[in-house]
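Q: I'd like to learn how to read a structure feature by feature. Could you walk me through one?

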Amino acid sequence: MTKETFAFQTEVSKLLDIVARSLYSHREIFLRELISNASDACDRLRYEAQTRSDLIAGDGNFRIVLELDDKSRTISISDNGIGMNREDLIETLGTIARSGTEAFVKSLSDDATSDVALIGQFGVGFYSSFMIADKVEVVTRKAGDEQAWKWVSDGKGDFSIEEASRAGRGTTVVLHVSDEGKEFLDKYRLETIVRTYSDHIAIPIVFADDKDGKSVNAASALWMRPRSEITEDQYREFYRHAGHAFDEPWMTIHNTVEGVLSYTNLLFVPSTRPFDLYEPERKTKVKLYVRRVFITDDCADLLPGYLRFIRGVVDSEDLSLNISREMLQHDPKLAKIRSGLIKRIIGELKKKATTAADDYAKFWEAFGAVLKEGIYEDHDNSEAILEISRFRTTTGGSEWVGLQTYLERMKEGQEAIYYITGDDVAALRSSPQIEGFASRGVEVLLLTDPVDEFWVPSLGTYKGKPFKSVARADTDLGKIKRQDNGAERPEPKNRNDLDSLVASFKLALGGAVSDVRLSQRLTESPACLVAGEGGVDIRLERLLKRHGADGSMPTAQRVLEINPDHALIKRLGSLANDGGEASATVSEAAHVLLDQARILEGEPIPDPMAFAQRLNAVLQRGLGG
């Protein structure tokens, strides 16, 4: 087969340039990344060999071999892992993360320093080779195949693939070292890098010229060592290996469970949000081992999707080595491990929330929206998750507030936990729907994550207190005293006028709203829209439509509430019984107020031209003060 040449995916070309520029002072990580890839290849073959022993026949001792050649100025990293075929090379080395690539590249900036962490979140992996090499060759042969393949690129615009020869399975990466990378053509330098970054790799790393074949690394599973023998640096480098990350672990959870079911877990919470956190698949990234043998890194039943930010490993003594990924789904032992892991993680987060509130707030900023998915999905642990959940509120400023703190702040006569949903905290703070609550000093939860629309109604109550949306028409504030020095709203003197105005508004608006009524909640704004009894909140309706429910879900009609104390409403009330031109003014004002309320809710105006014409007509009649 002749040599084939392929162009890199556009985003790959840009990323390669950014990697070389942004990670210049971190160039030694190229070896960490290539060794991690080699280790993963060996792990995957060891798993496949559980059902196909012929794949490792005659070569069952896994190893990673480093070789230096001063004359040709090359560094080679070889493994006897699972290897790749032609399609794998195109898929793996010509494309980066088929989903989300373009968004990733767009998020990169021109600031090399700030890009380091972001690139780390996405995973530079193999591409870090080009930080020290001006050409990279990959010779590989997939386990079970007879044909080997050679991949070559200078990292600038294209790569070539052709047939090659290789004595056995596995992959060899040959780096043709550039002048900028010549410091790495030194055996002692490479040994130091291996001990610093890859000592935890459970596969021996050896040098080709070492006659004794002595391993440079400890070559033992880090998670099986006693915690007292593991340094923070070793934990950090293992986290970076397991999570393909550059940041520091925010929390390390390392423990062994013994008894009827025995397992060890070494888990990490990242300090920065992984780039793929909101991928639709919601895959977890914890590797499952059975007695130090890698099984899978895609076990959906090991941890739930709402803990997908967790990185690390779980090693079981009791699962079967021959278990398939399909059988894992029905293994009761795995279900018990899952339950134990969830409780351990939530318990450790609770300790952190209690003893280091400021530090916990940083975690919540990054992962709170994901963790809250568990309130909706995991009934067994929903209350425990709620206890460690934090919220912005109308009285908390920038403070994150727990529900227990909220309960302790509840006002006399307050019987519910009030909340409002929306897309932006600042917009929610200025919503007319919370005016009456603010005047009474009632704290309102400001919920801006999409999942909030689902877990709140599904849960219903917390410690006996119901959750209640401030955007619903059946909200009663009469039992809670005002604290803004304002008197309780007396029966209005112009009650007949207001009753006439309500009737006129209902007549004018017709089916555009389900009802018009006087408001308790409004203190400053003239009007607002709320959901009727049993109706769907406006934001939830918007979310459902955004996700394809347009055809099956009609727009719910809203209740228009008007403020009887507002000067504009009083003026309109005095015109409501006048008839003639006054009636026309009231009708036009009803539509204008309805459209204004829609705007405040982030809803589109059905007829912008009619809105503008009505507004102009009202202004021309001098109705403004």
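Q: Let's start with one side chain: how exposed is lysine 506?

A: First, what we're looking at: this is a predicted model, where local features need pLDDT of at least 70, side-chain atom pairs count only at pLDDT 80 or more, and totals for chains, interfaces and linings use all residues. Residues are numbered from 1 along each chain as its sequence is written, and side-chain values use heavy atoms, with hydrogens and water left out. Now your residue: buried means under 20% relative accessible area, exposed over 50%, and partly exposed in between (1.4 Å probe, protein chains only). Lysine 506 has a relative accessible area of 40%, so it counts as partly exposed.

Q: Where is lysine 506 found, and which residues is it in contact with beyond its neighbours within four places in sequence?

A: Lysine 506 sits in helix H17, residues 495–509. Helices (H or I, at least four residues) and strands (E, at least two) are DSSP runs, numbered from the N terminus. Contact means heavy atoms within 4.5 Å. With neighbours up to four places away set aside, lysine 506 is in contact with Asp515 and Val516. Arginine 517 is eleven residues from lysine 506 in sequence, and their C-alpha atoms are 9.2 Å apart.

Q: What does arginine 344 touch, not counting residues up to four places away in sequence?

A: Arginine 344 touches Ile253 and Asn255. Its place is in helix H9, residues 332–355. Arginine 344 and asparagine 255 are 89 residues apart in sequence, yet 9.4 Å apart C-alpha to C-alpha. With a relative accessible area of 35%, arginine 344 is partly exposed.

Q: How do I read a helix with a buried side, say H21: which of its residues are buried?

A: The general idea goes like this: an α-helix has 3.6 residues a turn, so residues three or four places apart point the same way. In H21, the buried residues are Ala610, Phe611, Ala617 and Val618. Looking down the axis of H21, these fall within an arc of 130°, so they line one face of the helix. That arc is taken from the directions from the helix axis to the C-beta atoms. Turned away from the buried side are the exposed residues Pro608, Met609, Gln613, Leu619 and Gln620. As for length, H21 (608–620) has 13 residues and reaches 18 Å from first C-alpha to last, close to the 18 Å expected at 1.5 Å a residue. The expected span is 1.5 Å times one less than the number of residues.

Q: And what do the buried residues of H7 pack against?

A: They pack against helix H2 (29–48), H6, strand E9 (249–257), strand E10 (263–270), E11 and strand E13 (311–316). Among the buried residues of H7 are Tyr235, Phe238 and Tyr239. Just after H7, histidine 244 takes a positive phi of about 50°.

Q: On to sheets: what is the strand order in the open sheet of eight strands?

A: Strands of a sheet pair through backbone hydrogen bonds, either parallel or antiparallel. Here, two strands pair if DSSP finds at least two bridges between them. The order is E1-E6-E5-E4-E7-E3-E2-E8, with mixed pairing. E1 (4–7) and E8 (205–207) stand at the edges with a single partner strand each, so one side of each is left without a neighbour in the sheet.

Q: How many bridges join strand E4 to strand E5?

A: Six bridges join E4 (133–141) to E5 (148–153), and the two run antiparallel. Threonine 140 stands opposite tryptophan 149 in E5, and arginine 141 stands opposite alanine 148. On the other pairing, E5 and E6 are also antiparallel, joined by six bridges, with tryptophan 149 opposite glutamate 163 in E6. Five of the six residues of E5 are buried, so E5 is largely enclosed by the rest of the structure.

Q: Last one: how many aromatic pairs does the structure hold?

A: A pair of aromatic rings is described by the distance of the centres and the angle of the planes. Rings of Phe, Tyr and Trp (its six-membered ring) pair if their centres lie within 6.5 Å; planes under 30 degrees apart count as stacked, over 60 as edge-to-face and the rest as tilted. The structure holds 20 such pairs. In one of them, tryptophan 223 and tyrosine 289 have ring centres 4.7 Å apart and planes at 50°, so the pair is tilted. Tryptophan 223 and tyrosine 289 are both buried.
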